[in-house]
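Please read them with the structure open beside you.

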Amino acid sequence: MKFSSKMLPHFGMILIYATKPWIGQFSCLASRSRRNLLRLLRQNQNMVLRFLLIALTSVWMPIAQAKFSDFQSALPKLPQKSGISLKVLQQMDDDLLRPSAMYPNFDGFPLPSLMEIYAYRQNCKGTLDDLPPAIRYFEKALCNGKMPPLTWFVSHPVHPLGGSYAWHYIQQHPAARPILEQYQHIRERPEMFGGLGGMSDDNLNALSSGDVWLWHGHDLCHMNGVSWQCYDATLWQPLADSADVKLSQLNKASVCDQVVGQVCVQNLQKPPWLLRGLSVVLAMLLLGTLSYVLWVRRYLQRERQFVLQMLTHELRTPIAGLGNVVEIFRQEFDYLPSPARQGFGRLADGVQRLRQLAEASRYYISSKGYLEEREPVALGDWLSAICERHEIVFCLERDITLVLPVYWLGLCLENLLNNARKHGLPPVRLFAVWENGSLRLTVVDAGLLPAFPLFSRKKNSDSMGIGLSIVYRIMKRLGGSLRRRRKPTTFQLELKCDDLAN
């Protein structure tokens, strides 16, 4: 079958659907600067890739659909192997179509209850007091040979042991088959319903869910709106060959041009050279777009890194000026009034932290992503300086000099201490332990941690300092971890580090 104009509406509709979210922004590309164009492409990269993938798929779909439509329109002219009216199936209870109804109902009944039913049926002795009244009534009627009313079988289709109630009664009393046969499961009467009862579990589930194409052995079954019709492979296979389509059973390994129910449709005819050329062009565009998106990401990353480098460089000048001012105040400290002396301590501490921040930023930029160069620090002195600001006491097993990322680890620790003081209950304690090459800093207070407070990223909320989510990310970048325990509220920072003596 050759490419025709009938396929163009399908192709056009798919392209319009794929580009609808993006077409409104496409008109303003020409008037935007290169930087805004890069940002726009980065923001809409998923839409661009979706457009190319759907466009590439749409080249083949109209051909497969058109060929299968020809096959479907010619199929009813063939003599059918078997058939069943849809109205007959619709009159059956849904449970009598489900394949799972043929197995014991372990979800609805515990195993001891099912064993109790089975044991009672063997000799009609025992009690069924723990079972529902309907089951007790049926099992006693089964033993006494008194068939329940037909309306009872309508309202109770499936037995807990699997299969229909009607089937269980017929096994004990075969004379009741002509009366109760219509209340049996479709699997219990495979010779009826045009052989649908002999289908696999997947086919019966597809039948129940409304699929209109089924694959049964080598037979092809189709629902035409009023009935199910099955065709022998010796009849439908030549018709499929003449339509240049290959039909097979759908499975996970299938590569299909079109999927209809449980049937995989593949196009056998080679597409026209125009469509093959268009497919090659779209594939090249897809690869080119992927490459360009990667380049855009790297370009924007370098741009942000340049801005950060420039800001860090400019920040060092005012910090140096503030350091000179602090040094002047330090020399004149004895002449400062008492309130100014307290303010000088906070000023000197703030300038020192600014210097650490600038140094950490400079190292991050020059070292291609490492947060901070580690430096030796006396653990006791470092913890004393931090805990003095927060007015808490810390417990240190033994003083030691460790090689640590002082700024970032201190930032995480101070955030946990701030949260404990603001949101926890006293007393707030800090425990520091170094063993097996790891430093563990544990912050404990007497409060009760909410169930899921970690790693939330709510905007316009500074109640948790820089946020536990950021602390978690910093520790992860440093190669450490953040752990928690609810009662009492406990947060633990753990980081691999070296002892300077070793």
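1. Start with C124 and C143. A disulfide joins these two cysteines, with an S to S distance of 2.0 Å. Keep in mind that this is a predicted model. The torsion about the S-S bond of C124 and C143 is about -95°, so this disulfide is left-handed.

2. Now place that pair along the chain. C124 sits in the loop between α6 (111-123) and α7 (133-144), while C143 belongs to helix α7. The two are 19 residues apart in sequence, so the bond ties those parts together. C124 is partly exposed, at 35% relative accessible area. C143 is partly exposed too, at 26%.

3. How many disulfides does a search of the whole structure find? The search gives two. Besides the pair above, C221 is joined to C230, with 2.2 Å from S to S. The torsion about the S-S bond of C221 and C230 is about 105°, so this disulfide is right-handed. Are C221 and C230 buried or exposed? Both are buried.

4. C387 is in no disulfide; its nearest cysteine sulfur belongs to C395, 9.4 Å away. C387 is buried, at 2% relative accessibility. C395 is partly exposed, at 38%.

5. Turn to charge. Side chains of opposite charge can pair when their charged atoms come close. The structure holds eight salt bridges. One of them is between the side chains of K81 and D232, at 3.9 Å from N to O. The cut-off is 4 Å, so this pair counts as a salt bridge.

6. Where do K81 and D232 lie? K81 is in the loop between α4 (61-74) and β1 (82-85). D232 is in the loop between β4 (227-231) and α12 (233-242). K81 is exposed, at 51% relative accessible area, whereas D232 is partly exposed, at 23%. A network of salt bridges links K81, D219 and D232.

7. Two further salt bridges deserve a look. R98 pairs with D95, and their closest N and O atoms are 2.8 Å apart. R98 is partly exposed, at 31% relative accessibility. D95 is partly exposed as well, at 27%. The side chains of R440 and E435 also meet in a salt bridge, at 2.3 Å from N to O. E435 is partly exposed, at 35%.

Key. Residues numbered from 1 in each chain as written. Predicted model: local features only at pLDDT ≥ 70, side-chain atom pairs only at ≥ 80, totals over all residues. Heavy atoms only, no water. Disulfide = S-S within 2.5 Å. Helix = DSSP H or I, 4+ residues; strand = E, 2+ residues; numbered from the N terminus. Buried < 20%, exposed > 50% of the residue type's maximum accessible area, 1.4 Å probe, protein only.
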